[in-house]
Amino acid sequence: MEERRSVIKSMLIFRFLVAVFGSMTCSYAADTISANQSVRYNETIVSQQEIFELGFFRPGKSRNLYVGIWYKKTLNQTVVWVANRNTPLTDTSSVLTLTNQGILVLQNATTGIAVWSSANSSTKSAKNPIGQLLDTGNFVIYEEADIDRENPIWQSFDFLQHTLLPGMKMGWNLVMGTESHLTSWKSEDDPALGDFSYSIDARGYPQAIITEGQEIVYRQGPWNGLRYTGSPNLRPNWFYNYTFVLNKREIYYQYYLVNASVFTRLVLQPTGRLERLLLINTNQEWSVYLSRPNDRCDQYGLCGPFGNCNIDKSPVCECLKRFEPTSPDQWRTTDWSQGCRHTIPLDCDPGEGFNKYSNLKLPDTRGSWYDQTMTLEECRNMCKSNCSCTAYANSNISGTGSGCLLWFGGLIDIRTFVGNGDTLYIRVSASELDTDSTENTRSSSKGRISVRVIAPVAFVVSVMLVSIWLYYRYHRKKQQQQGMRIENNICFIYVQGGLGCVFYI
């Protein structure tokens with residue numbers, strides 16, 4: 001009897017342990033998997049310092065199953081990348097396997113049907129492929145001999161989704177002809193492709209934009225050498241640094257952590273809102289550091305062509321100085337879609353010049369032209385010589401400024417900032433030039449140069465004329481004195497011969 005109780009007790013303990021461990025997530029001891037190894041439901045791969053984790057998960061309240069990468073130690077699961085975002089799983093029988101070709105394959109274990117795969121770029125077997133989850137959040141597949149992972153077979157960082165992590169590149173590889181951008185989730189519970197995208201638009205001078213479908217809803221603007229022109233509060237800080245690369249091979253934005261105690265990520269939310277989030281190790285909760293769009297003036301093209309949005313005024317839209325509403329009646333009803341026009345129309349007159357506008361968000365650069373080596377003076381001359389050119393600016397405002405950026409046609413999506421805005425030079429008629437305009441400044445400069453040249457010449461000429469006059473006057477006076485002495489001597493002889501000696505003074 002006692003023995004039977006002991007057996008029953010042992011069975012109960014065994015079932016309890018099976019239930020407990022069966023409900024727990026099993027992890028590989030290492031951060032890698034090799035060819036023909038698999039990750040199953042309730043198994044994960046963890047990065048070396050346990051920052052990121054890869055495995056199966058259910059987002060929010062969804063019952064669908066996905067394979068993804070998330071921060072391991074946050075209070076709420078924070079997913080940064082999803083493999084099968086558009087093809088969810090409905091049961092736990094699927095497995096993620098690394099093949100001999102170095103390809104990750106997610107398939108239903110029962111049917112053998114592949115739900116998702118990393119790439120099919122090669123049918124040739126790789127030499128001992130390894131899949132590794134790095135502490136950056138990047139899952140890299142590489143050959144065993146490629147210790148430094150300099151030539152990866154595939155990596156998740158090349159396939160951006162809704163999150164931009166430190167080290168990811170958002171932009172263009174001009175050599176390969178590829179582009180990477182952020183795309184929102186459909187909802188917090190559905191990681192499928194959403195309605196919004198955040199990308200670098202290269203149709204002209206590159207600029208960052210958020211689109212809903214094909215329409216621009218927010219424009220962060222071009223990079224001005226220090227920051228995006230639409231983000232005047234973006235500046236160096238103590239937890240991350242950033243860079244924008246623009247050359248013949250690549251165009252991309254990238255940032256890096258500089259403080260190990262803080263994590264940050266850039267996320268395009270399902271609502272189309274772009275947020276930079278911070279996580280401080282002390283509380284393990286994310287907080288919003290920056291977000292865009294931020295106010296009504298961030299709405300793309302709100303004030304129309306040559307219109308300017310000023311959030312500190314009511315109504316927020318106004319025409320730029322030397323411009324007037326294209327449709328005054330519509331403008332009065334706060335319908336600003338027609339924008340503004342020149343108060344005095346342009347006719348390509350040689351007297352036309354450029355007025356200076358400061359602290360602006362530079363207008364839409366689609367269709368613009370740029371040269372990174374030209375000076376501002378060369379830029380002005382090029383714009384002046386083309387009657388279709390409506391404005392110009394330095395493309396890089398760092399240091400003393402450099403580069404040339406030209407606009408043609410209407411200037412769209414301008415707004416005024418309190419400070420840290422850009423300077424734009426806009427073409428106007430001769431009669432509309434400001435006293436401190438570029439043309440008047442050039443005229444004044446020419447005038448000052450003329451004065452500096454003429455004054456010394458006039459001085460020299462004056463000195464020469466005075467010297468000649470003095471010389472002439474001196475000799476004339478001397479001749480007169482000699483004549484007087486002759487006359488005096490004659491008179492003296494005459495008088496002497498008569499009455500005596502007389503002196504004439």
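How do the residues of the lining of the largest pocket divide into nonpolar, polar and charged?

## Basis of the model

This is a predicted model, in which local features need pLDDT of at least 70 and side-chain atom pairs count only at pLDDT 80 or more, while totals for chains, interfaces and linings use all residues. Residues are numbered from 1 along each chain as its sequence is written, and side-chain values use heavy atoms, with hydrogens and water left out.

## The largest pocket

The lining of the largest pocket divides into 17 nonpolar, 16 polar and six charged residues, where Ala, Val, Leu, Ile, Met, Phe, Trp, Tyr, Cys and Pro count as nonpolar, Asp, Glu, Lys and Arg as charged, and the others, Gly among them, as polar. A pocket here is an open set of points on a 1 Å grid over the protein atoms alone, with protein on both sides within 12 Å along at least five of seven lines, and a cavity is a set of points where a 1.4 Å probe fits but cannot get out; lining residues have an atom within 4 Å of a point.

The volume of the largest pocket is about 1,000 Å³, and of its 39 lining residues, Q155, F157, D158, F159 and T178 are the closest to the centre. Among the elements that give two or more residues to this lining are strand 7 (78-82), strand 13 (154-155) and strand 16 (178-180), whereas strand 22 gives the most, with four residues; strands are DSSP runs of E with at least two residues, numbered from the N terminus.

Four cavities of 30 Å³ or more are found in a search of the whole structure. The largest cavity holds about 200 Å³ of space and is lined by 15 residues, with Q220, L234, L266, L274 and L290 nearest its centre. Strand 24 (274-280) and strand 25 (286-292) are the elements that give two or more residues to this lining, which divides into eight nonpolar, four polar and three charged residues.

The second largest cavity has a volume of about 50 Å³, and its lining includes C297, C303, C309, D413 and R415. Here strand 26 (307-309) and strand 34 (414-416) each give two or more residues, and the lining divides into five nonpolar, four polar and two charged residues.

## A nonpolar surface patch

On the surface, W369, M382 and F408 form a nonpolar patch with about 250 Å² of accessible area together; such a patch joins nonpolar side chains (Val, Leu, Ile, Met, Phe, Trp, Tyr) within 5 Å, from residues with over 30% relative accessible area and no salt bridge. F408 lies in strand 33 (residues 404-408).

Terms used: Patch = residues over 30% accessible without salt bridge, like charges linked within 9 Å, V, L, I, M, F, W, Y side chains within 5 Å. Areas by Shrake-Rupley, 256 points an atom, 1.4 Å probe, with all protein chains shown as cover. Salt bridge = Lys/Arg side-chain N within 4 Å of Asp/Glu carboxyl O. Points joined across faces, edges and corners; volume = space filled by probe spheres on them.
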